[in-house]
Amino acid sequence: MALVVLGTAVASAPFEPAVLPVAAPVGATSWTQTPRPVDPELFGVTMNSFSGAMPSFRTGSLRLWDSETRWAQLEPAKGEYDWSTLDRLLNGAEREGLPTMFVFGATPSWAAPDARKAAYPESSRAAPPDDLDDWDAFVRALVRHAGARIDAYELWAVANHEHHYNGSVRTLVEMTRRASRIIRKADGNATVVCPSITDLWGSEAHEFLLRFAELGGYQHCDAAGIKLYQRRVTDPPETMLEAVRKVDHTFHRAGYHLPLWSTGTVQTLPLNDPLDEETAADHAVRFYLTGLYARNRDLERMYFYAWGNGKIPLVLQAEGQPPTKAGEFVARLQRWLTSADLRSCGRGLQIDLPRNVWQCEFLIPDERGTRRPAHIRWTHTGTAESQLGTGARTVEHLDGTTHEVDGRKTVPVTGRPILIRYG
C-alpha cells in the first residue's frame with residue numbers, strides 16, 4: 001500500500017483525495033468520555049529475547065514470552081529451578097523502570113509425561129500437570145522468587161489453541177483459581193490476567209470464553225487476556241475493532257465486565273511476508289491507536305508481538321540492531337501523548353470528517369503546562385483533505401517535523417497519523 005509522507009504532503013500542492021475502495025472497518029463506534037489519562041503502560045511489547053537487553057526506544061511495559069521463561073524451562077526437574085534467564089530479564093526491566101508481566105504456559109514433561117507435546121523444543125506439554133499440586137508449587141516458588149519485580153501474571157498463553165493447551169476448561173478454571181489465590185496472598189498489588197484467548201474471529205473462541213465464564217474463571221482475575229490481530233497481516237489495524245466488539249458482546253452475555261489486555265498475536269504470524277518499511281511504520285503506530293480507540297470497550301493494554309524478533313512481518317527492533325522506522329514512530333507517538341488525557345475517538349461522517357478519516361482527541365500539556373486540545377488523525381485507506389477547525393496552531397508528523405498552520409483551513413490526511421495542536 002503506497003502511503004504519502006505528510007511532512008512532504010503539507011508543502012506540496014494541490015492535494016487530490018484518492019479513491020476509497022475499502023469500507024470502514026466494523027466495530028468503530030464514535031464515543032466521548034470524561035477525559036482520562038493515557039496510561040503509558042498501554043504501549044507494551046512482548047520480549048522475544050533472553051539476554052537481558054531492553055528496547056532502546058520508548059516502551060511502556062514488557063511481557064515475557066518466547067523469552068526462555070516458560071514453566072518447563074524454569075523448572076526442568078521437579079523442585080529444581082533455574083531462575084538465571086528470568087533474573088536477567090527482570091533486572092533489565094527494573095533498571096529501565098518497566099512494569100513486567102510473566103506468562104504461564106508449557107508444562108514440563110515430568111509433570112505430564114503422557115500428554116501431547118507443545119509447540120516448543122524443550123519437550124514441554126500442551127496440557128495441565130497430572131497433579132495440580134505441582135502447579136501450585138511452581139506458582140508459589142515463582143512469586144516468592146520474583147517478588148515485586150513482576151507486576152502482572154497472565155495465567156496461560158493461548159489457552160484455546162490445542163498446540164498450547166488441550167486440557168479441559170474446568171481444569172483451566174481450577175488452575176486459575178489456585179494461581180490467583182497464591183499470587184494475591186503473596187503480592188496484593190500484582191495484576192492477575194486470565195488465560196488469553198485467540199482466534200476471536202471465529203465462534204469457537206467465544207464458546208470457550210463463555211464456558212470459562214460459566215465455570216467461574218473470570219471471578220478470579222483482574223483483567224481478561226485476549227489476542228488482537230488483523231485477519232491478514234496486510235489488513236488495516238483498525239479491523240481489530242471488529243474482534244474487540246465481538247469480545248465485548250460475549251462478555252455481556254457472560255455477565256462479566258473485566259478490563260481487556262491484548263497480549264499478542266497468532267502463532268502463524270512468522271509465516272507471513274514482511275511488510276514494506278513505510279507500511280510497517282504506519283501500521284505499528286495505528287496498532288496502538290486502535291487500542292486507544294477501543295478504550296470505550298475497556299481495552300487497557302496492548303502488547304506488540306514482539307521485541308527482539310527480526311523474523312516477523314513488522315519489526316520494531318531486532319535485538320542488537322537500532323530501532324526500525326516503525327520503532328521510532330511508536331516512540332514518537334508515546335512522546336506526543338506524554339501526560340495526555342484521552343477525551344474522544346471517532347471516524348468519518350459521525351464526527352464531520354471525510355468517511356475514511358479517523359480521529360482521537362486529547363488534552364495535552366503545552367510548553368507552559370497548560371492542557372490544550374489536540375487531535376491525532378489518520379486514514380484506514382486512501383487519503384483525504386480534512387477541516388482543521390478553529391484554533392489549530394501546528395501540525396506535527398511522526399518524522400519529527402512540525403508545520404505552522406499559517407491560516408490554512410484544511411490539512412491532508414493519509415495512513416500515517418498526524419498530530420494537530422490547538423489553542
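**Helix packing, nonpolar cores and local backbone features**

His206, Leu209, Leu210 and Ala213 in α6 meet Lys246, Val247, Thr250, Phe251, Arg253 and Ala254 in α7, where contact means heavy atoms within 4.5 Å. The residues of this contact of α6 with α7 comprise 6 nonpolar, 2 polar and 2 charged; Ala, Val, Leu, Ile, Met, Phe, Trp, Tyr, Cys and Pro count as nonpolar, Asp, Glu, Lys and Arg as charged, and the others, Gly among them, as polar. The structure is a predicted model, in which local features need pLDDT of at least 70 and side-chain atom pairs count only at pLDDT 80 or more, whereas totals for chains, interfaces and linings use all residues. Residues are numbered from 1 along each chain as its sequence is written, and side-chain values use heavy atoms, with hydrogens and water left out. Helices (H or I, at least four residues) and strands (E, at least two) are DSSP runs, numbered from the N terminus.

Helix α6 spans residues 203-214 and helix α7 residues 240-254; the two pack at an angle of about 30°, and their axes are 10 Å apart. Axes are lines fitted to C-alpha atoms, for helices over the stretch in contact, and angles run from 0 to 180 degrees between N-to-C directions. The angle therefore makes α6 roughly parallel to α7, on a scale in which angles under 35 degrees count as roughly parallel, over 145 as roughly antiparallel, 65 to 115 as roughly perpendicular and the rest as oblique. The crossing of α6 past α7 is right-handed. A crossing is left-handed if the near helix is turned anticlockwise from the far one by less than a right angle, and right-handed if clockwise.

Another helix pair is formed by α4 (residues 132-146) and α5 (residues 169-186), with axes that come within 10 Å and cross at roughly 30°. This makes α4 roughly parallel to α5, and α4 passes α5 in a right-handed crossing. On the α4 side the contact is made by Leu132, Asp133, Trp135, Asp136, Val139, Arg140 and Val143, and on the α5 side by Thr171, Glu174, Met175, Arg178, Ala179, Arg181, Ile182, Ile183 and Ala186. The residues of the contact of α4 with α5 divide into 9 nonpolar, 1 polar and 6 charged. Arg178, in helix α5, is buried, with a relative accessible area of 17%; buried means under 20% relative accessible area, exposed over 50%, and partly exposed in between (1.4 Å probe, protein chains only). Not counting residues up to four places away in sequence, Arg178 touches Leu132, Asp133, Trp135 and Asp136.

A nonpolar core is a set of buried Ala, Val, Leu, Ile, Met, Phe, Trp, Tyr and Cys residues joined through side-chain atoms within 4.5 Å. The largest such core has 111 residues, of which Phe104, Tyr153, Tyr218, Tyr288, Leu316, Leu337 and Phe362 touch the most other members. Helix α8 (residues 277-293) contributes the largest share of this core, 9 residues. Apart from it lies another core, of 12 residues, including Ala384, Val411, Val413 and Tyr422. Leaving aside its neighbours within four places in sequence, Phe362 is in contact with Val38, Leu292, Leu337, Ala340, Asp341, Leu342, Arg343, Arg372, Pro373, Ala374 and Ile376.

Gln334 is found in helix α9 (residues 325-336) and counts as buried, at 6% relative accessibility. With neighbours within four places in sequence left aside, Gln334 is in contact with Phe43, Arg58, Thr59 and Gly60. The C-alpha atoms of Gln334 and Val285 are separated by 9.5 Å, and the two residues are 49 residues apart along the chain. Leu349 lies in the loop between β10 (341-347) and β11 (357-365) and is exposed, with a relative accessible area of 67%. Leu349 and Trp156 are 193 residues apart in sequence and 41 Å apart in space, C-alpha to C-alpha.

Most residues other than glycine have a negative phi, and most peptide bonds are trans. Tyr305 and Ala306 are joined by a cis peptide bond, with omega about 5°; Ala306 lies in strand β9 (residues 299-307). Asp298, in the loop between α8 and β9, is not a glycine but has a positive phi of about 70°. Asp298 counts as partly exposed, at 32% relative accessibility. Asp406, in the loop between β15 (402-404) and β16 (410-413), has a positive phi near 50° and is exposed, with a relative accessible area of 69%.
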